[in-house]
Amino acid sequence: MSIHTAKIEKKVTVTTIRKMKSAEPITMITAYDALFARLFDGSVEMILVGDSLNMSFSGKPDTLSANMEMMLYHTKAVCNGAKLPLIVFDMPFGSYTTKERALKNATRVYRETDAQAVKIEGGKERAKIIQTLTDNSIAVVGHIGLMPQFVRSEGGYKVKGKDEANISALVEDAKAIEAAGAFALVVEGVKSEAAKAVTEAVSIPTIGIGAGVHTDGQVLVWSDMFGFFEAFKPKFVKEYLPGAKLIREALGKYVHEVKTRQFPDDEHTY
Ligand code: KIV
């Protein structure tokens with residue numbers, strides 16, 4: 001297996017990400033704490049403190065009960081751990097229902113954490129909210145396609161961009177989000193040709209998840225790609241590490257050594 005060894009040495013900014021469009025694929029990963037953020041520091045351009053933490057870390061069935069307090073707590077931890085990536089705060093469900101509410105909550109993100117941007121799910125209907133934030137100097141990442149915060153209202157996680165009409169709607173959404181001042185766009189769970197059409201239609205970088213190879217970058221949830229989240233595994237998740245298996249094996253060894261008094265041995269005793 002070949003491994004990318006080039007390290008990122010300078011703080012990644014909104015300008016860095018904008019310039020990467022069509023030049024070099026952008027790498028983004030989620031992180032929820034300082035420990036893992038530190039491991040990812042210097043390797044990826046962007047870290048998303050995703051509301052997916054509500055599922056993987058809080059054990060909830062979906063992201064909808066994530067709230068501002070928990071997202072702020074985890075974002076502060078990630079900012080403590082990672083210094084170089086551009087850190088994005090995922091605005092939780094219900095935190096941006098009006099322009100006023102969105103501005104109040106996004107202002108808290110800038111005041112209380114070092115995150116450089118916020119992410120908002122939704123298409124052209126959210127353009128006014130995004131515009132309000134960008135008018136107030138808050139950097140925004142859009143998020144279209146399969147939007148986890150719509151799981152209940154849409155009756156499940158539905159792959160988008162399956163026909164011409166839906167591809168056109170996605171392109172229209174992407175253009176409205178770009179016009180509102182977003183500097184990047186997450187495109188999730190769409191057919192590859194739809195992600196290609198969206199990527200070609202806008203001048204801001206697109207970051208795909210389950211959207212094929214034609215986007216300007218990729219994002220994965222760390223606990224999925226490292227094999228820790230076992231509740232379900234979407235088709236687009238590539239497992240780069242059998243994390244849960246490794247932990248169980250190591251834990252089993254620890255339990256065995258404690259039970260048989262092999263641990264602690266002389267080396268680990270004062
Ligand atoms: O919350 C999250 O992790 C996300 C990614 C799936 C893009 O929004």
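Mentor: A word on terms: a salt bridge is a side-chain nitrogen of Lys or Arg within 4 Å of a carboxyl oxygen of Asp or Glu. This is a predicted model, where local features need pLDDT of at least 70, side-chain atom pairs count only at pLDDT 80 or more, and totals for chains, interfaces and linings use all residues. Residues are numbered from 1 along each chain as its sequence is written, and side-chain values use heavy atoms, with hydrogens and water left out.

Trainee: How many salt bridges does the structure hold?
Mentor: One of them joins the side chains of aspartate 216 and lysine 21, at 3.0 Å from N to O. That pair links distant parts of the chain, 195 residues apart. As for the count in the structure, the answer is ten.

Trainee: Which side chain has an N or O atom 2.6 Å from an oxygen atom of the ligand?
Mentor: Let's go through some polar contacts (pairs of N or O atoms within 3.5 Å). Aspartate 51 has a polar side-chain atom 3.0 Å from a ligand oxygen, and for aspartate 90 the distance is 3.1 Å. The 2.6 Å value belongs to serine 52.

Definitions and conventions: Polar contact = N/O pair within 3.5 Å; in protein donor to acceptor, adjacent residues only side chain to side chain. Helix = DSSP H or I, 4+ residues; strand = E, 2+ residues; numbered from the N terminus.
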